[in-house]
Amino acid sequence: MAILEVKNLTLRFGGVTAVDDLSFDVQEHSITSLIGPNGAGKTSAFNCLTGFYKATSGEILFQDKSVMRMKPHAITEMGMARTFQNLRLFKNMTVLENVMSGMHCRTTSGIGGAVVRSPHQRGEEKKIHEVAEECLDFVGILNKKDRCARNLPYGDQRRVEWARALATQPKLLLLDEPAAGLNHDEKQQLMALIRRIRDERKITIFLIEHNMELIMKISEKIVVIDYGKKIAEGTADEVKNNPRVIEAYLGKEDEEAV
Ligand SMILES: Nc1ncnc2c1ncn2[C@@H]1O[C@H](COP(=O)(O)OP(=O)(O)OP(=O)(O)O)[C@@H](O)[C@H]1O
């Protein structure tokens, strides 16, 4: 069953068609990737899915409901979370506070509850605290929960962002270049973590990524785009032997060999 369906999605910036009549789906509990050469339209498509860009036309269905006109926070509330290519942590907050900050979409206390701390609000705070700690434990940095986020090494800061996304209790997790800036060991750990998120938490994974080793190893389905259009779709083996894909990547083999 598809958890996400993208139908004829098009995004234009003035004269530039960044996403061009793109259609694909993401099956529930799968690991699916979107790849393509630089400027192919991956980030633009990603931003349409998560409500950061308004698509020019087409349809995006998440769990059979249209998210085309929805704002990012409303899409998160529905169960679609994302991480960013450039980290967006609150650098002066602790690790735990950063994770808890992402969870307001799962609370019911209004402004009144924040002023007069009702038993209901105290209960919610306790729950938020527990879930945040459990997510930090899952990504392996619970022992750093009281550290200031800006003092952590880059790899750990990425884990904070992952924990924050997981704490929103998503059904679908979108990862924007998760391997960027990671060393070899960290990339291996990242692959294991992506698999654990899917297998243990039953969360569907959709990612865009330049690191072909990672993409080819973990993806069950790969969608390839070039100039905003889909040029191939299939398993790693199918995609890497596809002449259109090879052609799209020609000349870039040194950095992005398929
Ligand atoms: N805000 C914008 N305004 C105008 N044009 C844009 C904007 N964002 C992207 N584009 C253009 O849309 C096209 C697709 O860009 P996009 O960043 O989505 O590609 P990408 O596949 O994510 O590239 P990369 O792999 O380099 O991150 C490019 O031609 C780009 O110049």
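The model is predicted: local features need pLDDT of at least 70, side-chain atom pairs count only at pLDDT 80 or more, and totals for chains, interfaces and linings use all residues. Residues are numbered from 1 along each chain as its sequence is written.

**The whole chain.** Display the chain as a cartoon, which contains eleven helices and ten strands. Helices (H or I, at least four residues) and strands (E, at least two) are DSSP runs, numbered from the N terminus. Of the 258 residues, 35% are buried; a residue is buried if 20 or more other C-beta atoms, placed from the backbone, lie within 10 Å of its own, exposed if 12 or fewer, and partly exposed in between.

**Helix H7.** Select residues 184-201, the 18 residues of helix H7. Within H7, colour the buried residues Leu190, Ile194 and Ile197. Seen down the axis of H7, these buried residues fall within an arc of 65° (of the directions from the helix axis to the C-beta atoms), so they line one face of the helix. An α-helix has 3.6 residues a turn, so residues three or four places apart point the same way. On the other side of H7, select the exposed residues His184, Asp185, Ala192, Asp199 and Glu200.

**The ligand.** Finally, select the residues around the ligand, including Phe13, Val16, Asn38 and Lys42; the C-beta atom of such a residue, placed from the backbone, lies within 6 Å of the molecule. Strand S2 (16-27) and helix H1 (42-49) each give two or more residues to this shell. H1 supplies the largest share, three residues.

Notes: The expected span of a helix is 1.5 Å times one less than its number of residues.
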